[in-house]
Amino acid sequence: MSSADDISQSPRVKRAKRFDKPATPQGKAAKWAEDRLGIAGGARRQLNKVFPDHWSFMMGEIALYSFILLILSGTFLTFFFDASMAEVRYDGSYVPLDGVQMSRAYASSLNISFDVRGGLVMRQIHHWAALLFMASMLIHMFRVFFTGAFRKPREINWLIGLGLVTLGLVEGFAGYSLPDDLLSGTGLRIAEAIVQSIPVIGSWAAYLVFGGKFPGTAIIGRLYIVHVLIVPGVLAGLIGAHMALLVKQKHTEFPGPGKTEATVSGERMYPTYSLKAGGFFFIVAAVCCALGGLAQINPIWLFGPYNPAQVSSGSQPDWYIGFLDGSTRLFPSWEIRLFHHTIPPLFWPTLVLPGIMFGLAGAYPFLEAKLTKDRFSHNLLQRPRDVPVRTGLGVMAISFYAVLLVSGGNDLIAKAFDLSLNAMTWAGRIGVLIVPPLAYAITYLICLGLQRHDREVIEHGIETGVIKQLPNGEFIEIHQPLGPVDDHGHGVLQYGGTPVPKRMNQLGNPHGAKVKGFFRPVRERADIEAELRQLAEAEEAEKSRPRELTD
């Protein structure tokens, strides 16, 4: 027998051959796919990806899960919605509108609400998921902004996120315009006026979009294609690109023990992170379903069909469009004539202002890198207090948006509190100029105060609550040092960008881990006794130290 035959007959080779042939149907199917696709290595690497665990990272996940719910609920609604503006006489279950002339779009929306089993709850789940989608994206963007997660090499992902927010605005507006009720028709009328306000090409652009004079007979069908096909496809592509870049560039994380710019710590994709993500998806779905079943939203049957001669009182768009309504109400009625063309007042607050806002947001990562001369790659996040200028600018932007949002409902506020609408408008105009810089100044000072507090604790230690009387009669409080101290008792640790413990029960073991209770960290008796022994030793050392004589 040759040496080759000896090797082939060895027990190790036999075992390898035996394990190379799967015995279960699942194993055989996996081997069949691997022999033809060769994806096991890549799949193994992706399943071993590590993702940091922090509560603030969940905002992006909520946005993703809301988008999935929008796709699922929207698919259900497309089976019953008729995107036609042809006139019909309603003869459905909602008696107050029986015999009323309306478009097929509005009639089918009523049919979904009252005659399709589960239609109303599905409509409301879809609407609540849309609001949650926009809210979670905005909060996620602000989390990225305040922690500096947009810095090199993640500028492209920041621009993709900004594009997602912009497309979300368009998608939301197209969606709530589809029912063709009086409220959504009023929004379309405002949109037509905004398009017409574009200098030079406004009239032609409005004619092209609406297919003739407003309202025409084509806009609902066109918005339907935009809402269910074009924008969702682009959104799905951008979300895919966003996730691909996230996996490629690794996830950012907050500084901590053992964490560096070159490493990522956390939980592997499989099985821990994927199981947690799956459970979180069902939590988000449950919340949206509960809201859809218990909290009424957009009751289109109360508004009636759209009539260009009517406008419902207190018409308000969804909250994420409200800032445009507020900017329109606050901007002065300045009409400019330039080169024989008129620039209407509506052009500035609805097109120029949003362009400036989103333009500055998109350019900010590059502006900050240029002004700070920061050309390094960053994988560790920053605490907002450590970058007071950026944090102040972020709060300034939020306050500016909040003033516009509140001003978008100034008529309802004036009516509810019996105030002058004119006074509310002027309060908004003054507030939009004063509140943002005031918010910046206050935020900047708060950040500086928090920085000083952190460094004071690092230098002097944590207040223990133990009062000691010195030989001269002076009472002092014992401080627990966070680490080694110098000859004067001051801490020598340097601030590392991580949260500084402020209470004794926030101190963990040398590796930074803490045993957590329901609300507060749980202190073990052994830990407490060890700290008491340290305090006693410190007191004995203090007594044995020679002291200067006092009068």
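This is a predicted model: local features need pLDDT of at least 70, side-chain atom pairs count only at pLDDT 80 or more; totals for chains, interfaces and linings use all residues.
View 1. His-378 is placed in the loop between α14 (347-372) and α15 (388-407). Although 228 residues separate His-378 from Phe-150 in sequence, the C-alpha atoms of these two residues are 9.1 Å apart in space.

**View 2. The packing of α15 and α17**. The axes of α15 and α17 come within 8 Å of each other and cross at roughly 150°. Since angles over 145 degrees count as roughly antiparallel, α15 is described as roughly antiparallel to α17. The crossing of α15 and α17 is right-handed.

**View 3. A nonpolar patch on the surface, with Ile-430 among its members**. The patch is formed by Trp-426, Ile-430, Leu-433, Ile-434, Leu-438, Ile-442, Ile-446 and Leu-450, which together have about 790 Å² of accessible area. Ile-430 belongs to helix α17, which covers residues 421-460.

**View 4. The packing of α8 and α11**. Helix α8 (residues 155-177) packs with helix α11 (residues 219-249) at an angle of about 160°, and the axes of the two helices are 9 Å apart. That angle makes α8 roughly antiparallel to α11, and the crossing of α8 and α11 is left-handed.

Methods. Residues are numbered from 1 along each chain as its sequence is written. Side-chain values use heavy atoms; hydrogens and water are left out. Patches are made of residues with over 30% relative accessible area and no salt bridge: like charges are joined within 9 Å, nonpolar side chains (Val, Leu, Ile, Met, Phe, Trp, Tyr) within 5 Å. Accessible areas come from the Shrake-Rupley method with a 1.4 Å probe; for residues, only the protein chains shown count as cover. A salt bridge is a side-chain nitrogen of Lys or Arg within 4 Å of a carboxyl oxygen of Asp or Glu. Helices (H or I, at least four residues) and strands (E, at least two) are DSSP runs, numbered from the N terminus. Axes are lines fitted to C-alpha atoms, for helices over the stretch in contact, and angles run from 0 to 180 degrees between N-to-C directions. Angles under 35 degrees count as roughly parallel, over 145 as roughly antiparallel, 65 to 115 as roughly perpendicular and the rest as oblique. A crossing is left-handed if the near helix is turned anticlockwise from the far one by less than a right angle, and right-handed if clockwise.
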